[in-house]
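Please look over the sequence and the structure before reading on.

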Amino acid sequence: MIRRKHYEDAEKLLRVIITKDPEQVEALDLLAQVLQRQDKTKEAQATVEQAISRSPNSLHRQKQLAELCSENKDSKGAIEAYQNVMKHSEQSVYARPEHCFDFVNYLADVAKQEGGDINANPHVKEAFDLLDKSAKRFANQGNIEEHTKLVAANVNANIGNIDEAKQALDDLLGESHDAQDLSASSLKLAAQTLSSLGEEDKSEHLLERAADLAKEDSALVEDIYSQLNKGIGSETRQRAAKINKMGIKLYGEKKVKEAAEELRRALPLTPRHISLNLNLAQVLLRLYKRSADASLLKEVDEYLHRVRHIPRHHKEYSRYHYLIERRASMEEAKD
């Protein structure tokens, strides 16, 4: 059901299972996932809290709870969940520096929202203390010093210490910010700071390069895509989903031109959405078959290129490669 996006049916079934056996933590995990995909973030948060009450030592669940609390503007809940992540990370083989970095950046965001003398805010002190601890905890990782400096630069950018943030970036990236020697994970962190400084175009450029370098690391690619989509709110996603659904309906009715126009309206709302880009590419390939308009193939190339980093395990991976091959066959037929 979930794979077929029958989320309402999946939700009903999972709720029946949980009612019969409230200790089914795996069912609670799945229900939280289904609720998130329907943008029911408050219900998802309550579901994860329920799962944690039964299995409190899971790093993944605590991290998921922190992110949901953040999305739901529950800063107290988010900080508590992140603190639990840090606590459980101390002895866990699954601990990663990114757990700390996410918490550090969140603390800086909260301090910024609270206003006043930000540098004197206890959240800022906690953020920099956590970075020091993380550098020691993961000292055996080769790029931890570089990563720590980049996250510190992002904190400074967020709390208004612009000169310190820019100087740190210049030291690590060079004045041109080309960052030729940085790894994919370092580029991702540098892009975060550039975004905090308002340099959105440069940030996106670094994230594109990061995704190219990380193409074999599906988890990192997903993180990069998440960062590229960070500014898109749930209302915007819902609008795009509604338009996308209409485009699919029109395509099913063989109204190909109208479907293309509808999907083009949705794309600016969620420009990195994998399924939407593939839907539009598929519709335009059908339209090209009718019209032989070469400009449509160029447009298809743009959408396929935009989602070129799609992880192998992604449900749309096979469709992406099918469309790549179909596009190539049309080029051959044109020649």
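## Helix 13 and its neighbours

The buried residues of helix 13 pack against helix 14 (256-266) and helix 15 (274-291). Buried means under 20% relative accessible area, exposed over 50%, and partly exposed in between (1.4 Å probe, protein chains only). Contact means heavy atoms within 4.5 Å. Helices are DSSP runs (H or I, at least four residues), numbered from the N terminus.

This is a predicted model, where local features need pLDDT of at least 70 and side-chain atom pairs count only at pLDDT 80 or more, while totals for chains, interfaces and linings use all residues. Residues are numbered from 1 along each chain as its sequence is written, and side-chain values use heavy atoms, leaving out hydrogens and water.

Helix 13 covers residues 234-252, 19 residues in total. From first C-alpha to last, helix 13 reaches 27 Å, close to the 27 Å expected at 1.5 Å a residue. That expected span is 1.5 Å times one less than the number of residues.

Which residues of helix 13 are buried? They are Ala240, Ile243, Asn244, Gly247, Leu250 and Tyr251. These residues cover an arc of only 115° around the axis, so they lie on the same side of helix 13. The arc is that of the directions from the helix axis to the C-beta atoms. The face turned away from the buried side of helix 13 carries the exposed residues Glu235, Lys242, Lys245 and Gly252. Just after helix 13, lysine 254 takes a positive phi of about 65°.

## Two helix pairs

Axes are lines fitted to C-alpha atoms, for helices over the stretch in contact, and angles run from 0 to 180 degrees between N-to-C directions.

| Pair | Angle | Axis distance |
|---|---|---|
| Helix 3 (residues 41-54) and helix 4 (residues 59-71) | about 150° | 9 Å apart |
| Helix 15 and helix 16 (residues 294-306) | roughly 160° | within 9 Å |

The angle makes helix 3 roughly antiparallel to helix 4; that term applies to angles over 145 degrees. Helix 15 is likewise roughly antiparallel to helix 16. The crossing of helix 3 and helix 4 is left-handed, and the crossing of helix 15 and helix 16 is left-handed. Left-handed means that the near helix is turned anticlockwise from the far one by less than a right angle.

Residues in the helix 3 and helix 4 contact include Val48 and Ile52 of helix 3 and Leu65 and Leu68 of helix 4. In the other pair, residues of helix 15, among them Leu284 and Tyr288, meet residues of helix 16, including Leu297 and Tyr303.

Terms used. Helices (H or I, at least four residues) and strands (E, at least two) are DSSP runs, numbered from the N terminus. Angles under 35 degrees count as roughly parallel, over 145 as roughly antiparallel, 65 to 115 as roughly perpendicular and the rest as oblique.
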